[in-house]
Amino acid sequence: MLSSFSTHWHYVWLVFASLIAGVMNAMAGGGSFVSFPAMLAIGVAPIQANATNTVALWPGQLTSVAALRGDLRRDLLPVVCAASILGGVSGAIVLLNTRQITFLRIVPWLLLVASLLFGISGPVSRWLRARSAQPHVTKPPAMVPLFLVLLPVCFYIGYFGAGAGFLIMSALALFGVEEMNALNSLKVLAACLSNLCAVLTFVFSGAVIWHYCLISMVFAGAGGYVGAQYARRMNANALRTIVVVTGIAVAVYFF
């Protein structure tokens, strides 16, 4: 019995980590802080771990887009979609052409940056809500500058992605998008589309470890369902603190 457990412990760990990641994503985000290191811990190479983790967690983003589609601003869809597609594909291609050892050395910095992004997302979200509550004259944003600002953010999503959501919201807000529901829906769309492009790139390049991916996908989905039931009952600041502490702890470990 002990021999069997030692043989399959990595599956047990992956199931547990995927459940926790699903719960975190449903409540506050940051599930990659758990699921990505879990992939590394069971022996998956760094780039394949990131690719597999991205594919496993993507379906949850698709369901979010479906739920928020009514809040999307149609006039901004072309520029958001163009930046997401180009940034997502280019980020994924650069990742696949990065040496394993180089990416492993970058990982702790990526985790630390993502943790800090989550940390400051609270004050930024409050600023955005306060801004959207005050009536302003709606002006069409300058599309080309908006595209140029969104492109590097979407590139980051295709390359790694954790913590990029509020960067999209901040960029849109700076260009005159003030309504909170529109900001949130466009953020989810950009993240979902950028990751879809990365997912397709990873799949066609053969970078996905499918038996781990499917396990993580199923249990992350289950964790997301459970987390959604309790998300409204939890204090948002407490959830964000948990995500930030988890991310920093994992970053320190990799350092």
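Predicted model: local features only at pLDDT ≥ 70, side-chain atom pairs only at ≥ 80, totals over all residues.
Me: What follows H7, and is its phi positive or negative?
Reply: Gly-176 comes after H7, and its phi is positive, near 105 degrees.

Me: How many helices and strands does the protein have?
Reply: The secondary structure comes to 10 helices and 0 strands. Of the 255 residues, 46% count as buried, where buried means under 20% relative accessible area, exposed over 50%, and partly exposed in between (1.4 Å probe, protein chains only).

Me: Back to H7: how many of its residues are buried?
Reply: In H7, 7 of its 10 residues are buried, so the helix is mostly covered. Among them are Phe-166, Ile-168 and Met-169.

Me: At what angle do H6 and H7 pack?
Reply: Helix H6 (residues 143–159) and helix H7 (residues 165–174) pack at about 180 degrees, with their axes 10 Å apart. H6 is therefore roughly antiparallel to H7. Axes are lines fitted to C-alpha atoms, for helices over the stretch in contact, and angles run from 0 to 180 degrees between N-to-C directions. Angles under 35 degrees count as roughly parallel, over 145 as roughly antiparallel, 65 to 115 as roughly perpendicular and the rest as oblique.

Me: And which residues make the contact?
Reply: H6 brings Leu-146, Val-149, Leu-150, Val-153 and Ile-157, and H7 brings Leu-167, Ile-168, Ala-171 and Leu-172. Contact means heavy atoms within 4.5 Å. The residues of this contact divide into 9 nonpolar, no polar and no charged. Here Ala, Val, Leu, Ile, Met, Phe, Trp, Tyr, Cys and Pro count as nonpolar, Asp, Glu, Lys and Arg as charged, and the others, Gly among them, as polar.

Me: New topic: how buried is Ser-84, and where is its place?
Reply: Ser-84 is in helix H4 (residues 77–96). Ser-84 counts as buried because its relative accessibility is 1%. Leaving aside neighbours within four places in sequence, Ser-84 is in contact with Cys-154, Ala-190, Leu-193, Ser-194 and Cys-197.

Me: What about Met-217: where is it found?
Reply: Met-217 is found in helix H9 (residues 210–230). Met-217 counts as partly exposed because its relative accessibility is 26%.

Me: Which helix supplies the largest share of the lining of the second largest pocket?
Reply: H2 does, with 6 residues. Helix H2 (32–41) and helix H10 (236–254) each supply at least two residues of that lining. The lining includes Trp-13, Phe-33 and Tyr-253, and its residues divide into 10 nonpolar, 1 polar and no charged.

Me: How is H2 covered?
Reply: H2 is mostly covered, with 8 of its 10 residues buried, among them Phe-33, Ser-35 and Leu-40. Just after H2, Gly-43 takes a positive phi of about 100 degrees.

Methods: Residues numbered from 1 in each chain as written. Heavy atoms only, no water. Helix = DSSP H or I, 4+ residues; strand = E, 2+ residues; numbered from the N terminus. 1 Å grid on protein atoms, 1.4 Å probe; cavity = no way out; pocket = protein on both sides within 12 Å on 5 of 7 lines; lining within 4 Å.
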